[in-house]
Structures are given as C-alpha cells and as structure tokens.
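Please find below a colleague's note on the model under discussion. It is set out as numbered points.

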Amino acid sequence: METAAPPGSIAPVSHRSPSIDRGVSSFLWALLFAVFIWLGGRSIGISQAMSTLAAAVAGFFIFLFVRLRGGSA
C-alpha cells in the first residue's frame, strides 16, 4: 500500500506512456495514411472522386492490417 507524501514534498511520478487501445491507434494510422494518399492523388492530378475512393479503400485495409498485425497486446 502506498503512503501519502509528507506535506511540502512531491509524490513519485510514474514514467510510463499512457495506454492507447489498439483500435484507436489503428484508426489514427489509417487516417494518417489515407489523408497522405488522398493528398498525393490530388497533387498528381487524379480526380477528387477517384482520389477519395482510393484513400478510403486504402485506409480501410491499413486499419485492418494495423489492427490485426500491429504491435503486441
């Protein structure tokens, strides 16, 4: 059981990263790469519809890949 720090002192701090759910991190990776693909498609002259479709499909598969294969639980 942890004891309270005496008055006037600072309690010890944990130096570990906060836990992020695999679904959240998978979504963030998918969103990042989908935006990158969409911007890349638009910058080389691909139409808005085709670029959006390619980014959405790629984002979906990136999400699945990172969710199923990314990192250890």
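1. The model is a predicted one. The protein contains 2 helices and 0 strands. Helix H1 covers residues 22-43, and helix H2 covers residues 48-69.

2. Overall dimensions. The radius of gyration of the protein is 21 Å, whereas a compact globule of 73 residues would be near 11 Å. The C-alpha trace spans about 65 × 25 × 15 Å along the principal axes.

3. Burial and contacts. Of the 73 residues in the protein, 14% are buried. Taking contacts between residues at least 6 apart in sequence, 62% link residues at least 24 apart.

4. Aromatic pairs. How many aromatic pairs does the structure hold? There are 2 aromatic pairs. One of them joins Trp29 and Phe33: the ring centres are 5.6 Å apart and the planes lie at 20°, so this pair is stacked. The angle falls under the 30 degrees that limits the stacked class.

5. Trp29 has a relative accessible area of 44% and is partly exposed. Phe33 also counts as partly exposed, at 35% relative accessibility.

6. The edge-to-face pair. Phe60 and Phe61 have ring centres 5.3 Å apart, with planes at 70°, so their pair is edge-to-face. That class requires planes over 60 degrees apart. Phe60 is located in helix H2.

7. Exposure of Phe60 and Phe61. Phe61 counts as exposed because its relative accessibility of 52% is over the 50% cut-off.

8. Nonpolar patch. Which residues form a nonpolar patch on the surface? The members are Ile44, Ile46, Met50, Leu53, Val57, Phe60, Phe61, Leu64 and Leu68. Together they have about 910 Å² of accessible area.

9. Total surface. The protein has an accessible surface of about 6,300 Å². Carbon and sulfur atoms account for 71% of that surface.

Conventions: Residues numbered from 1 in each chain as written. Predicted model: local features only at pLDDT ≥ 70, side-chain atom pairs only at ≥ 80, totals over all residues. Heavy atoms only, no water. Phe/Tyr/Trp six-rings, centres within 6.5 Å; stacked < 30°, edge-to-face > 60°. Helix = DSSP H or I, 4+ residues; strand = E, 2+ residues; numbered from the N terminus. Buried < 20%, exposed > 50% of the residue type's maximum accessible area, 1.4 Å probe, protein only. Patch = residues over 30% accessible without salt bridge, like charges linked within 9 Å, V, L, I, M, F, W, Y side chains within 5 Å. Areas by Shrake-Rupley, 256 points an atom, 1.4 Å probe, with all protein chains shown as cover. Salt bridge = Lys/Arg side-chain N within 4 Å of Asp/Glu carboxyl O. Rg over C-alpha atoms; globule rule 2.2 N^0.38 Å. Contact = heavy atoms within 4.5 Å.
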